[in-house]
2 protein chains.
Amino acid sequence: MAVRGRQCSIADALAVIGEKWSLLALREILLGERRFDQIARNTGASRDILATRLRTLVDAGVLTRRQYEAHPPRHEYVPTEAGRALQPILLNLMDWGDRYVAEGPPPTVWRHSCGADLRPQTVCAHCGEPVTEEGVSPVRLGPVR
Amino acid sequence: MAVRGRQCSIADALAVIGEKWSLLALREILLGERRFDQIARNTGASRDILATRLRTLVDAGVLTRRQYEAHPPRHEYVPTEAGRALQPILLNLMDWGDRYVAEGPPPTVWRHSCGADLRPQTVCAHCGEPVTEEGVSPVRLGPVR
DNA sequence: TCAGTGGGTTGTGAAATCCAACTTTGCACG
DNA sequence: CGTGCAAAGTTGGATTTCACAACCCACTGA
């Protein structure tokens with residue numbers, strides 16, 4: 001996707017959700033905010049940039065734009081399956097921010113359906129063991145263009 | 001951290017690693033590339049921007065810059081614990097890109113120490129069940145400033 | 001009639017990015 | 001000695017993106 005650099009799905013993913021404000025907009029939408037004004041307020045993004053980002057996300061199939069009122073026409077943004085699949089990534093990012101960037105107690109806390117406060121952990125789907133930097137190695141790498 | 005918008009560790013995390021090229025540089029460094037020229041080539045980032053990003057990441061404690069040769073002075077970039085903790089996030093991002101963005105087979109494949117090709121999965125550290133959008137809910141939210 | 005709401009678009013100026021070329025410190029070769 | 005090469009950036013100038021406030025349109029409710 002990127003013209004130069006390694007061919008890699010991380011780059012592909014970032015081409016869709018890596019621009020400024022995209023992930024914060026997604027955060028709000030996954031929190032249940034679906035209206036443009038509310039997303040703008042809660043992210044702090046300027047309205048013009050936010051409009052562009054939401055269009056990109058809709059075009060990429062991460063969100064859909066749904067009319068919820070005909071007169072006057074009003075729209076809301078709803079996550080697709082691809083959008084919902086970003087929830088774990090956002091939670092991991094939040095956890096990383098809590099641990100290594102933010103000072104003080106976590107501003108946001110999530111609960112898992114099991115009843116515990118959520119601490120997200122990435123595991124190998126095959127064996128269930130946590131994924132660490134030492135425990136993984138690349139088998140095949142994309143070529144550098 | 002952000003001036004406006006919801007106080008949130010996702011925003012804090014993105015302030016450190018959310019700028020263009022940061023995560024791709026991290027990808028290369030976690031792949032073992034530690035030299036400026038090589039990181040520049042493999043990401044496709046222009047050298048001036050890359051230099052600024054690496055400085056930011058060093059200042060944030062995600063990388064350290066280590067002299068590996070005195071005459072002439074040469075430096076390499078090594079991930080800190082915070083940097084290594086981003087590996088799971090990058091793998092999740094890659095998986096998302098493989099599934100929802102890239103066409104064709106995954107360009108990069110990782111192997112877990114258990115022997116299987118890695119499919120990363122985010123679980124609740126308490127109960128071990130996979131984290132899905134429906135299975136989590138916010139208990140406390142950061143205020144919107 | 002007049003203010004308010006939702007969902008944007010427009011204009012303008014500031015900031016970030018891109019690209020190519022250049023710099024610095026040294027080594028190796030002929 | 002002079003030339004070439006490498007690593008790790010820095011510099012200048014053009015281009016692109018972003019930020020901010022203002023505006024627009026279609027309604028609603030008082």
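Biologist: Which residues of helix 3 of chain A are buried, and what makes them so?

Modeller: Among residues 36-43 they are A:Ile39, A:Ala40, A:Asn42 and A:Thr43. Buried means under 20% relative accessible area, exposed over 50%, partly exposed in between (1.4 Å probe, protein chains only). This is a predicted model, where local features need pLDDT of at least 70, side-chain atom pairs count only at pLDDT 80 or more, and totals for chains, interfaces and linings use all residues. Residues are numbered from 1 along each chain as its sequence is written, chains are lettered from A and ligands numbered from 1 in the order in which they are written, and side-chain values use heavy atoms, with hydrogens and water left out.

Biologist: What covers the buried residues of helix 3 of chain A?

Modeller: The cover includes helix 2 (22-30), helix 4 (47-59) and strand 2 (74-79) of chain A. Contact means heavy atoms within 4.5 Å. Helices (H or I, at least four residues) and strands (E, at least two) are DSSP runs, numbered from the N terminus. Just after helix 3, A:Gly44 has a positive phi of about 90°.

Biologist: How many residues surround DNA strand D, and which are the closest?

Modeller: There are 22, the closest being A:Asp48, A:Arg53, B:Arg47, B:His75 and B:Tyr77. A residue is near a strand if one of its heavy atoms lies within 4 Å of it. Helix 4 of chain B gives the most to this surface, with four residues.

Biologist: What makes B:Glu28 and A:Arg6 a salt bridge?

Modeller: Their side chains meet at 2.7 Å, N to O. A salt bridge is a side-chain nitrogen of Lys or Arg within 4 Å of a carboxyl oxygen of Asp or Glu, so this pair qualifies. The count between chain A and chain B is two.

Biologist: How much area do chain A and chain B bury between them?

Modeller: About 7200 Å², 67% of it on carbon and sulfur atoms. Buried area is the accessible area (1.4 Å probe) that two parts lose on being put together, summed over both. The contact takes 79 residues from each of chain A and chain B.
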